[in-house]
Amino acid sequence: MLGIIGAMDVEVEKLIEKTALPIKTRIANTDFVCGRVENTEVCIAQCSPGKVNAALCAQIMIDKFGVSSIINTGIGCSLSDSVKIKDVVIADDVCQYDIDTTGCGDPPGYISGLGVIKIKTDALLSDGLKRAANRCGVSVFGGTIASGDTFISTRELKEKTASAFGAICGEMEGGAIGQVCYANGVPFAVLRTVSDGGDEASQLDYPIFKKIAADISTAIITEYLKA
């Protein structure tokens, strides 16, 4: 079974609508919908924004539903001048830009217990998503996606995150889901369509483009499941 996690309703609602013979289970204030999409057995959940929500959702999927892999889908901001609104980023690896134990001598983003900063995504899943995105006719980038519990909306935070981690996209869940999957030995991938530029214009761009971006991500997931 493939787990699919999105943070907001616009990121998963159309996939849930496509689910045949859905069975809904509510755990920890989250609905998990299991069924089939494009003849693939799936478990879909809206985790709500933020790293703790995302990690909780991923662990439940692994423990309670036995998913064999997880795709985190949704929208994010651009951290690179090359990545524009409505472009797609599929993570080669993920990190958490707001983990900071530098006062203890660790490098920024160091995940204690795992001993890493960046966590690689599964190449097979990620390559499949990239091919699906190409078939959907969108511009696709591979690179680092950085997660944190702050909506990136200032040039200062955007540049700091891009510089420190070489990240090209920012969001609030993928790094946490990656950490859970890494700890459990579960393959994962992170897909984001860009809704805004991660700067002061985000407050205008995000409301306009979030649904458009989410629909692009949903189309890619659907195309991936067809294959």
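This is a predicted model: local features need pLDDT of at least 70, side-chain atom pairs count only at pLDDT 80 or more; totals for chains, interfaces and linings use all residues.
Strand 6 (residues 88-96) has eight of its nine residues buried, so the rest of the structure largely encloses it; buried means under 20% relative accessible area with a 1.4 Å probe, protein chains only. Strands here are DSSP runs of E, at least two residues long, numbered from the N terminus.

Strand 6 and strand 8 (residues 140-147) run parallel, joined by eight bridges. Strand 10 runs antiparallel to strand 6 with three bridges, and there T193 is the bridge partner of V88. Strand 7 (residues 119-120) is also antiparallel to strand 6, through two bridges, with D93 opposite K120. Two strands pair if DSSP finds at least two bridges between them.

## The two largest pockets

The largest pocket has a volume of about 220 Å³. Of its 17 lining residues, I75, F151, E171, M172 and Y206 are the closest to its centre. Strand 5 gives the largest share of the lining, three residues.

The second largest pocket has a volume of about 180 Å³, and its lining includes Y97, D98, P108 and K160.

A pocket is an open set of points on a 1 Å grid over the protein atoms alone, where a 1.4 Å probe fits, with protein on both sides within 12 Å along at least five of seven lines; lining residues have an atom within 4 Å of a point. Volume is the space filled by probe spheres set on the points, which are joined across faces, edges and corners.

## Conventions

Residues are numbered from 1 along each chain as its sequence is written. Local features need pLDDT of at least 70 and side-chain atom pairs 80 or more, while totals for chains, interfaces and linings use all residues, and side-chain values use heavy atoms, without hydrogens and water.

Methods:
Helices (H or I, at least four residues) and strands (E, at least two) are DSSP runs, numbered from the N terminus. Buried means under 20% relative accessible area, exposed over 50%, partly exposed in between (1.4 Å probe, protein chains only).
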